[in-house]
Amino acid sequence: MNRLVRLLAVWLRARRHRGPGTPLDEWRTPLRVMPNDLDLLRHMNNGAYLTLMDIGRVDMLVRTGAQREVSRRRWYPVVVGESIRFRRSLALWERFVIVTRVIGWDERVFYLEQRFERVPHGATPAGDAPEVVAEAWVAARFISRAGGTVASPDVADAFDVGVVSPPVPDAVLAWARALDLAHRPHD
């Protein structure tokens, strides 16, 4: 399935299934491995994971109502860094869920956690625990269409999650510093 068609399908579903909660909660985006997600070894290509993570973030923003607020203020998010760890493969037609949540922010960057969970064949809602096949950290900033960047506390306030970040895990902060993504007072 073409990436834009899949994005449109998820966006339409998200508009119909808005839920209570904020970007700090876990948001689950169910998908299936499609033929164009595969590489020559017939499992999901590593680049497809990154593309699908975009779709998971859009789903979360729309379902929480945050996308409406971002659009109203003429802001848009951009990814400034991401790292992913692969644990298992996903094969053609397998069902999986992308779990997305904001884990915190500093003055300029939002940190998100996303993971891919395989949906066990024949699973029941109260049944088998999903298997984590990949997990990622994402750093994103918000840009104003009028020019310049938007401070993360301003975005958090617009998302109605307050302006003070939950504690960001030390491992995520170390990753952000190693990639030079974290807030620097001289910015």
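1. Thr29 is buried, with a relative accessible area of 0%; buried here means under 20% relative accessible area, exposed means over 50%, and partly exposed covers what lies in between (1.4 Å probe, protein chains only). Thr29 belongs to strand E1. Strands (E, at least two residues) and helices (H or I, at least four residues) are DSSP runs, numbered from the N terminus. The side chain of Thr29 makes a polar contact with the side chain of Asp59, at 2.5 Å. A polar contact is a pair of N or O atoms within 3.5 Å; within protein, one must be able to donate a hydrogen and the other to accept it, and residues adjacent in sequence count only if both atoms are side-chain atoms. Leaving aside neighbours within four places in sequence, Thr29 is in contact (heavy atoms within 4.5 Å) with Val10, Arg13, Gly56, Asp59, Phe96, Val97 and Ile98.

2. A word on the basis of these values. The model is predicted, so local features need pLDDT of at least 70 and side-chain atom pairs count only at pLDDT 80 or more, while totals for chains, interfaces and linings use all residues. Residues are numbered from 1 along each chain as its sequence is written, and side-chain values use heavy atoms, with hydrogens and water left out.

3. Asp59, the polar partner of Thr29, counts as buried at 1% relative accessibility. Asp59 also forms a salt bridge with Arg63, the closest N and O atoms being 3.0 Å apart. A salt bridge is a side-chain nitrogen of Lys or Arg within 4 Å of a carboxyl oxygen of Asp or Glu. Both residues lie in helix H2, 4 residues apart, about one turn of the helix. Arg63 is buried as well, with a relative accessible area of 17%.

4. Helix H2 has 19 residues, which at 1.5 Å a residue should span 27 Å; its end C-alpha atoms are 28 Å apart, which agrees. The expected span is 1.5 Å times one less than the number of residues. At the start of H2, a side-chain oxygen of Asn45 reaches to within 2.6 Å of the backbone nitrogen of Gly47. After H2 comes Gly65, whose phi is positive, near 85°.

5. Asp37 is buried, with a relative accessible area of 5%, and Arg6 counts as buried at 5% relative accessibility.

6. The structure holds 15 salt bridges. One of them joins Glu94 to Arg118, with the closest N and O atoms 2.7 Å apart. Here too distant parts of the chain are linked: Glu94 is in the loop between strand E2 (75-86) and E3, Arg118 is in strand E4, and 24 residues separate them. Glu94 counts as partly exposed at 22% relative accessibility, whereas Arg118 is buried, with a relative accessible area of 15%. Elsewhere, Glu26, Arg28, Arg101, Glu113, Arg115 and Glu117 are linked in a network of salt bridges.

7. The largest nonpolar core has 35 residues, and those with the most contacts inside it include Met44, Leu52, Phe96 and Phe110. Such a core is a set of buried Ala, Val, Leu, Ile, Met, Phe, Trp, Tyr and Cys residues joined through side-chain atoms within 4.5 Å. Among the elements that give two or more residues to this core are E1, H2, helix H3 (66-72) and strand E3 (95-105). H2 gives the most, with 7 residues. A second, separate core of 10 residues includes Val109, Val168, Ala176 and Leu181.

8. Phi of Arg74 is near 65°, a positive value; Arg74 lies in the loop between H3 and E2. Phi of Asp180 is near 60°, also positive. Asp180 lies in the segment after helix H5 (170-178) and is partly exposed, with a relative accessible area of 47%.
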